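Look over the structure first, then read on.

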Amino acid sequence: MNIAVYPGSFDPVTLGHMDVIERAAQLFDRVYICAMVNGGKSPLFTTEQRFEMLCAATASLPNVTAELWTGLLADYAREKGARFLVKGVRNATDFDTEFGMAQINRGLDPELDTVLFPARAERLHFSSTMVREMIKYARPLEPYMPAAAIAVMKGWKNDGKP
Ligand code: PNS
């Protein structure tokens, strides 16, 4: 069975992420989405909120499971029996970053390879940073975020949560 892990901060999950998830779900038998902490970023949403949005957004994909992990990605992949990491690339900057991370992860586990999905042209400019700006200025999120994740956010608002 070919198992892949798609890691990220998902702060929040975007339609760019969903494109990668759906393509990975077609290519691999099972895909684990791993919501992680990126030490270089201070997130808008808590880990639990990011995870809740991811779960809602991927609920309809039968071979996709979202999980939380606070350790090394290579350890998570080994625990899941995954030989592939999946990443999306939008531009040369993403490629440089992902190329470097692929070497680090392969150094940690020589069995672990990285598969890069080039972003779809119409979603090239999508990023969690851009979506956080839209949230800050109360702009419509439907063009950028999965509807199920937006519904989760609206539920928090009604509960008096952020
Ligand atoms: O969505 P992001 O913020 O670009 O995701 C980055 C992430 C979380 C995938 C990266 O920071 C990561 O892999 N963190 C886990 C720690 C780890 O395994 N580091 C070594 C590989 S670089």
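## Ligand contacts

The side chain of Asn38 has an N or O atom 2.8 Å from an oxygen atom of the ligand. A polar contact here is a pair of N or O atoms within 3.5 Å. For Ser9, a side-chain N or O atom lies 2.4 Å from a ligand oxygen atom. Leu73 uses a backbone N or O atom, 2.8 Å from an oxygen atom of the ligand. The protein buries 78% of the 540 Å² that the ligand exposes when taken alone (Shrake-Rupley areas, 1.4 Å probe).

The model is predicted: local features need pLDDT of at least 70, side-chain atom pairs need 80 or more, and totals for chains, interfaces and linings use all residues. Residues are numbered from 1 along each chain as its sequence is written, and side-chain values use heavy atoms, without hydrogens and water.

## Around the ligand

Residues around the ligand (a heavy atom within 4 Å) include Pro7, Gly8, Met36, Lys41 and Asn105. The shell divides into 5 nonpolar, 4 polar and 1 charged; Gly counts as polar.

## The largest pocket

Where does the ligand sit? The ligand sits in the largest pocket (more than half of its atoms lie within 2 Å of the grid points). A pocket is an open set of points on a 1 Å grid where a 1.4 Å probe fits, with protein on both sides within 12 Å along at least five of seven lines; lining residues have an atom within 4 Å of a point.

The largest pocket is lined by 40 residues, with Pro7, Gly8, Ser9, Lys41 and Glu98 nearest its centre.

Terms used
A polar contact is a pair of N or O atoms within 3.5 Å; within protein, one must be able to donate a hydrogen and the other to accept it, and residues adjacent in sequence count only if both atoms are side-chain atoms.
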